[in-house]
Amino acid sequence: MKKLFIFLLTAVMLCMSMTAMAAKKEYNPYVKYVVEDDDYQETLATINSVKMSRMPKVAVMYVNNSQADYYKAIDKEIMKNFKVVLNPYVYQFVDGTPYMKELAEMGIEDLTTAERADILDIYENTDIDYVIFLQIEPMWRKDKVSTFSKGKEMTAVAPFKMLDVKRRKALYNGRITRVGESSTMFFKLGNKSVAMEAIELINEKVNYEIKKRLPQHKRTEATVYDKKPVTITVEPKASTKTIPAKETVNVN
């Protein structure tokens, strides 16, 4: 009898668990309807389209002139960093390669020597708001040997520019220089690991300048931020009130 009671109790608990799981699975059937509803999806697409239209477009022109055997690893690290720092909820990332080809057709092969006006001219009639240019130049290697260890330094230099297309001005223009270094007592040091450390340091500087200087509004709104406050001077009006003349009283 006791065994039968335990069996029935177990069966009841099992049925209750299955019922609870089924209820949890069918908690909100409306969710499935929303996902499959065409009108809802069309509305969602429209909302996303409006949001995208308000987000500034940033064209990234990147050149890897490192001449390193591990250039693909450098490309991957640089581009991954750009797509993270250019927050996809704030900016629209645009591949600047087609615009670089236009410059090449104009005879400008080395973008580090290109005039700012030349770069801005090719974006003049586009919907691009801002331009970022980064080039990795050939790295310098320096070996260091001491009594107890041996080390290596890799120096990376990267010309870096940020341009505002609408206002035709530079937001940043400089050369980033960073040094990656490592040392060991027993193992052989390769160039790649030390070079990638220098690339990470360049990315840190790029991120700092983008967050500090790159506006988060579209170029059509840029002029609003340039307007200086207008000071209006109001001259006080002359009083028209007539002041009565003083009366002289003869007390004699």
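Visitor: Where is the place of Gln67?

Guide: This is a predicted model. In it, Gln67 lies in the loop between strand 1 and helix 4.

Visitor: What makes Gln67 count as exposed?

Guide: Its relative accessibility is 66%. Exposed means over 50%. Therefore Gln67 counts as exposed.

Visitor: What is phi of Gln67 near?

Guide: Phi of Gln67 is near 60°. That is a positive value in a residue other than glycine.

Visitor: Where does Arg168 lie, and what is its phi near?

Guide: Arg168 lies in the loop between strand 5 and strand 6. Its phi is near 55°, a positive value, and Arg168 is not a glycine either.

Visitor: Why is Arg168 called partly exposed?

Guide: Arg168 has a relative accessible area of 31%. Buried is under 20%, exposed is over 50%, and partly exposed is in between. So Arg168 is partly exposed.

Visitor: How do you know that strand 1 and strand 2 pair?

Guide: Pairing needs at least two bridges. Four bridges join strand 1 (residues 57–64) to strand 2 (residues 92–95), and these strands run parallel. Lys57, for one, has Gln92 in strand 2 as its bridge partner.

Visitor: What makes strand 1 and strand 3 a pair?

Guide: At least two bridges are required. Strand 1 and strand 3 (residues 130–136) have seven, in the parallel sense. Ala59 has Val131 in strand 3 as its bridge partner.

Visitor: How many aromatic pairs does the structure hold?

Guide: It holds two. One of them is Phe160 with Tyr172.

Visitor: Why is the pair of Phe160 and Tyr172 called tilted?

Guide: The ring centres are 5.4 Å apart, and the planes stand at 45°. A pair needs centres within 6.5 Å. Planes under 30 degrees apart count as stacked, and over 60 as edge-to-face.

Visitor: How do you know that the charged end of Lys83 sits over the ring of Phe93?

Guide: The charged end of Lys83 is 5.6 Å from the ring centre of Phe93. The distance cut-off is within 6 Å, and an angle limit applies as well. The charged end of Lys83 is placed over that ring.

Key: Residues numbered from 1 in each chain as written. Predicted model: local features only at pLDDT ≥ 70, side-chain atom pairs only at ≥ 80, totals over all residues. Heavy atoms only, no water. Helix = DSSP H or I, 4+ residues; strand = E, 2+ residues; numbered from the N terminus. Phe/Tyr/Trp six-rings, centres within 6.5 Å; stacked < 30°, edge-to-face > 60°. Lys NZ or Arg CZ within 6 Å of the ring centre and 35° of its normal. Buried < 20%, exposed > 50% of the residue type's maximum accessible area, 1.4 Å probe, protein only.
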